[in-house]
Amino acid sequence: MRRIEADFSSDAAPPLLPVADSAERARAEEMMEGSAALGKAGFQVAMSARNESLGEPERAALRASFEAALRHLDAQIAAGGGPFMLGADFSLVDCTYAPLLERWAVQLPLTMGFDLRPPQPDATPRWPALEGWSVATSLPSTHPPSHTPSASNPLSPSRLSPPPPPPPSHRHPP
């Protein structure tokens, strides 16, 4: 991620990391390094659903570890003032976490019944700052949009399925 900042920063675009040697930069670096721990905890809990050698106590411990990592991230986002990881502006820290959180927002409700985001639009989020981040970055929700017609929804099953084959020809050769 740091390479993106080094190779693609310019005067035309704002930097995606705070100024070097600042408290904000140290916080950004700490959060980016922390993504590995969250990734490990999330991967372990996601894979535990398929691991038949694990008992329920081990699965519960992995889930508790993942939830603790999510609480820690939620507290870090809240401490920065949100809605993004470091505050009001999108940064490389957001880029670091987005692949993990975006996947889990869709995968975990389907494979484990674990909702990273509120399962209903009016439900109270377990991790409010993380939910604010999800909204700000437009992560997919586990509930279908009620206002989007199927024809315009790019994720609609009718849009993802291949078109039906043409009807068979009833013409006979001459």
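This is a predicted model: local features need pLDDT of at least 70, side-chain atom pairs count only at pLDDT 80 or more; totals for chains, interfaces and linings use all residues.

Colleague: OK, what average pLDDT does the protein get?

Modeller: The average is 82, and 72% of the residues score at least 70. pLDDT is the predictor's confidence in each residue, from 0 to 100.

Colleague: Where is confidence lowest, and where is it highest?

Modeller: Helix 6 (residues 157-160) is lowest with a mean of 43, and helix 3 (residues 56-80) is highest at 96. Residues 143-161 stay under 50, and the model has 15 contacts for them beyond four places in sequence. Contact here means heavy atoms within 4.5 Å.

Colleague: How many helices and strands are there?

Modeller: There are 6 helices and 0 strands. Both are DSSP runs numbered from the N terminus: helices are H or I with at least four residues, strands are E with at least two.

Colleague: And how much of the protein is buried?

Modeller: 30% of the 174 residues. Buried means under 20% relative accessible area, exposed means over 50%, and partly exposed is in between, using a 1.4 Å probe and protein chains only.

Colleague: Which residues have the most contacts inside the largest nonpolar core?

Modeller: Leu38, Phe66, Leu70, Leu73, Met85, Leu101 and Leu130, in a core of 28 residues. Helix 2 (23-48), helix 3, helix 4 and helix 5 (128-136) each supply at least two residues of this core. By nonpolar core I mean a set of buried Ala, Val, Leu, Ile, Met, Phe, Trp, Tyr and Cys residues joined through side-chain atoms within 4.5 Å. In soluble globular proteins, nonpolar side chains tend to be buried together.

Colleague: Let's look at helix 3. What covers its buried residues?

Modeller: The cover includes helix 2, helix 4 and helix 5. Among the buried residues of helix 3 are Phe66, Leu70, Leu73 and Gln76. The helix has 25 residues and reaches 36 Å from its first C-alpha to its last, close to the 36 Å expected at 1.5 Å a residue. That expected span is 1.5 Å times one less than the number of residues.

Colleague: You mentioned Gln76. What does glutamine 76 touch?

Modeller: Leaving aside neighbours within four places in sequence, glutamine 76 contacts Arg27, Glu30, Met31 and Met85. Glutamine 76 counts as buried because its relative accessible area is 12%.

Colleague: Switching to helix 4: where does it bend?

Modeller: At alanine 98, by about 40°, with proline 99 following within four residues. The bend is the angle between axes fitted to the seven residues ending there and the seven starting there. Helix 4 has 20 residues and reaches 29 Å from first C-alpha to last, close to the 28 Å expected.

Colleague: Which residue caps its N-terminal end?

Modeller: Serine 91, with a side-chain oxygen 3.1 Å from the backbone nitrogen of valine 93. I count a polar contact as a pair of N or O atoms within 3.5 Å; within protein, one must be able to donate a hydrogen and the other to accept it, and residues adjacent in sequence count only if both atoms are side-chain atoms.

Colleague: Is serine 91 buried or exposed?

Modeller: Serine 91 is at 4% relative accessibility, so it counts as buried. It also touches Leu16 and Leu86, not counting residues up to four places away in sequence.

Colleague: Where does aspartate 21 lie?

Modeller: In the loop between helix 1 (2-8) and helix 2. Aspartate 21 counts as exposed because its relative accessibility is 84%.

Key:
Residues are numbered from 1 along each chain as its sequence is written. Side-chain values use heavy atoms; hydrogens and water are left out.
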